Amino acid sequence: MTEGKKHGISRRTLLKAAMTAAVSAGLGSSVHARTGTGGAVAALIDISRCDGCPDRKTPACIQACREKNLRHVPEPVDPLPEVFPRGKTEDFSDRKHLTGRLTPYNYLFIHKAEVEHDGKRWSLNIPRRCMHCDNPACATICPFAANHKHKTGAVVIDSEVCFGGAKCRTVCPWNIPQRQSGVGIYLQIAPTLAGNGVMFKCDLCHDRLLEGKNPVCVDACPRNALLSGPRDVIHAEALRRADRMGGHLYGREENGGTATLYVSPVPFEKIDAAIDKGPGRPHMAPVERRMAKTDSLGNSVLLSPAIGLTAGVLAVAGALKGRKNGSPEEEQKK
Ligand code: SF4
Ligand code: SF4
Ligand code: SF4
């Protein structure tokens, strides 16, 4: 596995950011235009089948995800730029090995729960990652339109355009996206004023979905605890399994519906009460749809010329001045 590939930010990326920011400033509907559900894929996570891969140091699904994704997170600059006037840096680059929570280097983890139910003791293993919501507030609110719901069903953050302001995490009901400071385009544009890094999360292996393939975590699971397929097929299968085991579903109604359905023999209220929650370890409580509450906030941000145009102008200015495609590290030495 190759970790921490270093790379600079090209003029093409700067122009892309400028264009995106300009669109964000003037056309908030661009986010909605990209949102689509036709031909969408959904995923089923069957908690009754996942055993947490007890014979492996790292569960197979997590290992597959890390092998695919870890190399795409660049090394941060050293030292990290101080953030002005407020905000804080977040640096997981010395904790890349963590697999027990979500981090910028780990998009999937296994939540453990010991639960009493129906007179039985259940030791549950629950794979956790982005839910890929049908109405993702994280995408609507992004001031730089760096986050999109695709027709595959995947919600994908474009790391070349993300400024790491973390609004997506704030509005996510599960606080899923994770920030790595000291990487990304903000270093080239306004390292102390704008953003804070890049937000990272599961992208549902969007590139593989476009090729008609399964996410790598799905293919890696030895117990078929993870499935993916056409949305209607997955929904029907989730209902069938829940009915067969007298079980429960999570993700079908949460946040107005998602592309991830959990099926469990134990009620999710009990699971939520039993799991360890905190940063990078999301809850499993019921979630009302947040989109409606964030629409007005999201649109006001999307339409904010102060944010969008400032970034656009700065990006264009930087590109036209012919800033070299040097590495972020080189930029920091100037
Ligand atoms: S989902 Fe599959 S691969 Fe992942 S921990 Fe569970 S059994 Fe192992
Ligand atoms: S779970 Fe959070 S990060 Fe993922 S799509 Fe939904 S709102 Fe966005
Ligand atoms: S769908 Fe892809 S990115 Fe998401 S957890 Fe699975 S392997 Fe990782």
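Modeller: Let's begin with aspartate 118, which sits in the loop between β2 and β3 (120-128). Helices (H or I, at least four residues) and strands (E, at least two) are DSSP runs, numbered from the N terminus. This is a predicted model: local features need pLDDT of at least 70, side-chain atom pairs count only at pLDDT 80 or more, and totals for chains, interfaces and linings use all residues. Residues are numbered from 1 along each chain as its sequence is written, while chains are lettered from A and ligands numbered from 1 in the order in which they are written.

Colleague: What makes β10 largely enclosed by the rest of the structure?

Modeller: Five of the five residues of β10 are buried, so the strand is largely enclosed. Thr260, Tyr262 and Ser264 are buried on one side, and Leu261 and Val263 on the other. In a regular strand the side chains alternate between the two faces of the sheet.

Colleague: Which strands does β10 pair with?

Modeller: Two strands pair if DSSP finds at least two bridges between them. β1 and β10 have four bridges, in the parallel sense, so they pair. β9 and β10 are joined by three bridges and run antiparallel. Tyrosine 262 of β10 is the bridge partner of isoleucine 45, and also of tyrosine 250.

Colleague: How do you know that the length of helix α9 agrees with its number of residues?

Modeller: The expected span of a helix is 1.5 Å times one less than its number of residues. For the 14 residues of α9 (residues 231-244) that should be 20 Å, and the end C-alpha atoms are 20 Å apart, so the two agree.

Colleague: What puts the buried residues on the same side of α9?

Modeller: The buried residues in α9 are Arg231, Ile234, Ala238 and Arg241. They cover an arc of only 95 degrees around the axis, which puts them on the same side of α9; that arc is the one made by the directions from the helix axis to the C-beta atoms. The face turned away from that buried side carries the exposed residues Asp232, Ala236, Arg240, Asp243 and Arg244.

Colleague: Which residues come nearest to ligand 2?

Modeller: Cys130, Cys133, Cys138, Val155 and Cys172, out of 13 residues around ligand 2. A residue is near a molecule if its C-beta atom, placed from the backbone, lies within 6 Å of it.

Colleague: And which are the closest to ligand 3?

Modeller: Cys65, Cys202, Cys205, Pro215 and Cys217, with 14 residues surrounding ligand 3. α3 gives the most to that shell, with four residues.

How values were computed. Buried ≥ 20, exposed ≤ 12 C-beta atoms within 10 Å, placed from the backbone.
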